[in-house]
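Morning, everyone. Let me put the model up, and then I'll walk you through one site and one core.

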Amino acid sequence: MSNAVRAAIIGATGYGGAEVIRLLQAHPFVQITSVISTSSAGTPLADHFPHLQEIVVDILDELNVELIAGKADVVFLATPAGVSAELSPKLLAAGLKVIDISGDLRLKSREDYEKWYKRTAAPEAALEQAVYGLAEVFGDEVKGSELIANPGCYPTATLLGLIPAVKAGWIDPSTIIIDAKSGVSGAGRGVGLGTHYAEVNENFSAYKVNKHQHIPEIEQALSRVAGHPVVTTFTTHLVPMTRGIMSTMYATVIGEHSTEAFTELYRQFYEGRKFVRVRNSGKMPATKEVSGSNYCDIGFAVDERTGRVTIVSVIDNVVKGAAGQAIQNLNLMMGWDETTGLLFAPVYP
Ligand SMILES: NC(=O)C1=CN([C@@H]2O[C@H](COP(=O)(O)OP(=O)(O)OC[C@H]3O[C@@H](n4cnc5c(N)ncnc54)[C@H](OP(=O)(O)O)[C@@H]3O)[C@@H](O)[C@H]2O)C=CC1
Ligand SMILES: CC(=O)N[C@@H](CCC(=O)OP(=O)(O)O)C(=O)O
């Protein structure tokens, strides 16, 4: 691969970083040239993730911008909130393309970021430059860009499920309620009481109610599409499973639109976009049916009795909700087919 794009992954010892590495191993135009850790530099990646045995470079590098610029063309940041806000401007200044999987560059308003993330926001210039990489909706802006704010896992499932209906004016945005559930890998690899086996197994809990950092991200995108400010109710739940997000959304239908009509509207909206699969009329998707893949599957049911539609959208949080969509965005940035290296079936059962 002499003309391959050289990729570095920061946060390689975490779930998102490991998934970027797993997927890039099979990418025909990308070569991994650096896997980076702040806590374990000098040790083999396989000590942390024995499933990643055969990558070309397997000793973890330290985090050093000059070192990265000498080895790579593009950098994936799979790092906790706060890291990219400081690091991305330095990586860009060193001539690198940056794909940030964290939430640091998604909100255009510094004030919103500081309110919801409770951290110092990235510099204004970086926020202005960052393109929100919801590939199936804003993919045209991703093409040729240098800095991508990869969408959050919940916003990916939710926005892909809502945007066509909002854009068409078929649902009243002020009535939207989003009921979302995630598997535990969404919380990352770090240990904590909230993800302890005995706390999560055989349990089902709501968390961060009205406080979740993805609320402003969802509202920002819906407002942009609707053309006026939209606020929503968004509740997240932790499910005792490893991967997967299901976002169940309710809204009042404007006008007369059947389940079949919604199905057709979404099929037209996502025509030619391989990673969104609209289920046959009235059929609902399940998380296992997208597990390990870059697909987002969507189903609908209009209730004529209440005048509301129920929209169910599922993704794998680590793939379409993070690493897979990040690589889809790299494909778009580079002018490659967006599906390059990503067209594999889900793992089932
Ligand atoms: N898990 C998921 O499903 C999704 C996660 N995200 C976001 O992606 C990011 C990564 O998530 P995830 O992989 O789950 O988290 P993990 O906790 O599993 O991994 C994060 C990694 O970041 C590294 N890190 C920690 N501090 C620093 C630092 N100061 N500088 C550089 N690297 C650091 C750590 O590695 P080391 O200590 O070795 O440097 C760690 O392995 C987060 O912002 C998360 O919110 C987004 C969508 C979905
Ligand atoms: C199950 C679980 O805890 N999920 C995490 C998802 C975090 C995430 O992806 O955070 P950013 O998108 O903001 O980077 C959460 O709800 O906070």
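**The site and the core**

Cys153 sits in helix 8, residues 153-168. Helices here are DSSP runs of H or I, at least four residues, numbered from the N terminus. A word on the source: this is a predicted model, where local features need pLDDT of at least 70, side-chain atom pairs count only at pLDDT 80 or more, and totals for chains, interfaces and linings use all residues. Residues are numbered from 1 along each chain as its sequence is written, and chains are lettered from A and ligands numbered from 1 in the order in which they are written.

Is Cys153 buried or exposed? Buried, because Cys153 has 28 C-beta neighbours inside 10 Å; the cut-off is 20 or more other C-beta atoms within 10 Å, placed from the backbone.

Next, the largest nonpolar core. This core has 99 residues, and Ile9, Val20, Val75 and Phe76 touch the most other members. A nonpolar core joins buried Ala, Val, Leu, Ile, Met, Phe, Trp, Tyr and Cys residues through C-beta atoms within 7 Å. Helix 8 gives the largest share, nine residues. Domain 1 (5-129) and domain 2 (154-316) both contribute, so the core lies between them. Those bounds come from an automatic or database domain assignment.

Key:
Helices (H or I, at least four residues) and strands (E, at least two) are DSSP runs, numbered from the N terminus. A residue is buried if 20 or more other C-beta atoms lie within 10 Å of its own, exposed if 12 or fewer, and partly exposed in between; C-beta atoms are placed from the backbone.
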